[in-house]
Amino acid sequence: MRRKLVVANRKMNGSIPDNRAFMAGVVQGMRELRKIDCAICVPHPYLYQAQVLLADTPVAWGGQNMSRHEFGPYTGSVAPGMLVEFGCKYVIIGHSERRERGYESDDAAGERFEMALKAGLTPIFCVGETLSEFEAGMTDSVAIRQLNAVVDHVGVRGLAKGVLAYEPIWAIGTGKSATPEHAQTILAFLRGHVALLDETAAERLRILYGGSVKADNAAELFAMPDIDGGLIGSASLVTEEFLTICRVADAA
Ligand code: PGA
């Protein structure tokens, strides 16, 4: 049985007082839940605050991106080891908001995944298609291409040390979630693809769905057998809504 994971992707939102209220609320709510893991991925300047407020609580924290280099002349970048110094457990890799402006190729995302594992972080690796790719029936091929870039770097066992997140780009921030059936079909397909390489890895791999998960659609999404939790953007900006999603995952 895979343990469900609910991750807040706070994107470029928050402030010191707002984060404090959000994190305190999530910690308090999570103390009543036993069956899920929960994490908050914050903008880099708030990692220290996350470390102070979340250490020794049931809530983990992480970054939203990292460099594929260990150190060096990369102005504005953050090294994997720096995330580790601030106690991060997770790092989001290959989010579409980073891929889409050409900041990140498939191979670069695969390399970041490898560097994250080497640093001792758990990468949350995002795959997903654009609206035009969806309409052209390319969902499967896009996701497999993106996933294979990770397998090329770390093998299928390496992939299973991370978390996979299927996030159709047309569902992100649009309020238009994929239907539970669509999400389940794609997640089962991805797990099946991994199983062809290694059945144990496929069984162990946690696959999240992300894209307009809200308090009112979480229950039907989390009821699907291959959906192991969610990567939550907009709904993580409201403490009570995020906690409702956590409670729904705990009860699923
Ligand atoms: P959303 O974002 O929940 O606002 O759609 C999800 C994500 O981008 O991870």
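Me: What makes the radius of gyration of this chain agree with a compact globule?
Reply: With 252 residues, a compact globule would come out near 18 Å, and the chain has 17 Å, so the two agree. The radius is taken over C-alpha atoms, and the globule rule is 2.2 Å times the number of residues to the power 0.38. Bear in mind that this is a predicted model: local features need pLDDT of at least 70 and side-chain atom pairs pLDDT 80 or more, while totals for chains, interfaces and linings use all residues. Residues are numbered from 1 along each chain as its sequence is written, and side-chain values use heavy atoms, with hydrogens and water left out.

Me: Where does Gly-158 lie, and what is it in contact with?
Reply: Gly-158 lies in helix H7; helices (H or I, at least four residues) and strands (E, at least two) are DSSP runs, numbered from the N terminus. Leaving aside neighbours within four places in sequence, Gly-158 is in contact (heavy atoms within 4.5 Å) with Phe-113 and Leu-117.

Me: Why are H5 and H7 called roughly parallel?
Reply: The axes of H5 (residues 106-119) and H7 (residues 139-159) cross at roughly 25 degrees and come within 7 Å. Axes are lines fitted to C-alpha atoms, for helices over the stretch in contact, and angles run from 0 to 180 degrees between N-to-C directions. Under 35 degrees counts as roughly parallel, over 145 as roughly antiparallel, 65 to 115 as roughly perpendicular and the rest as oblique, so H5 and H7 get the parallel label. Phe-113 and Leu-117 of H5 are among the residues making the contact, and so is Gly-158 of H7.

Me: What makes H1 and H11 roughly parallel?
Reply: H1 (residues 16-30) and H11 (residues 239-251) pack at about 30 degrees, with their axes 10 Å apart. That angle makes H1 roughly parallel to H11. Residues in the contact include Phe-22 and Val-26 of H1 and Phe-242 and Leu-243 of H11.

Me: How many residues of that H1 and H11 contact are nonpolar, polar or charged?
Reply: Seven are nonpolar, three polar and none charged. Ala, Val, Leu, Ile, Met, Phe, Trp, Tyr, Cys and Pro count as nonpolar, Asp, Glu, Lys and Arg as charged, and the others, Gly among them, as polar.
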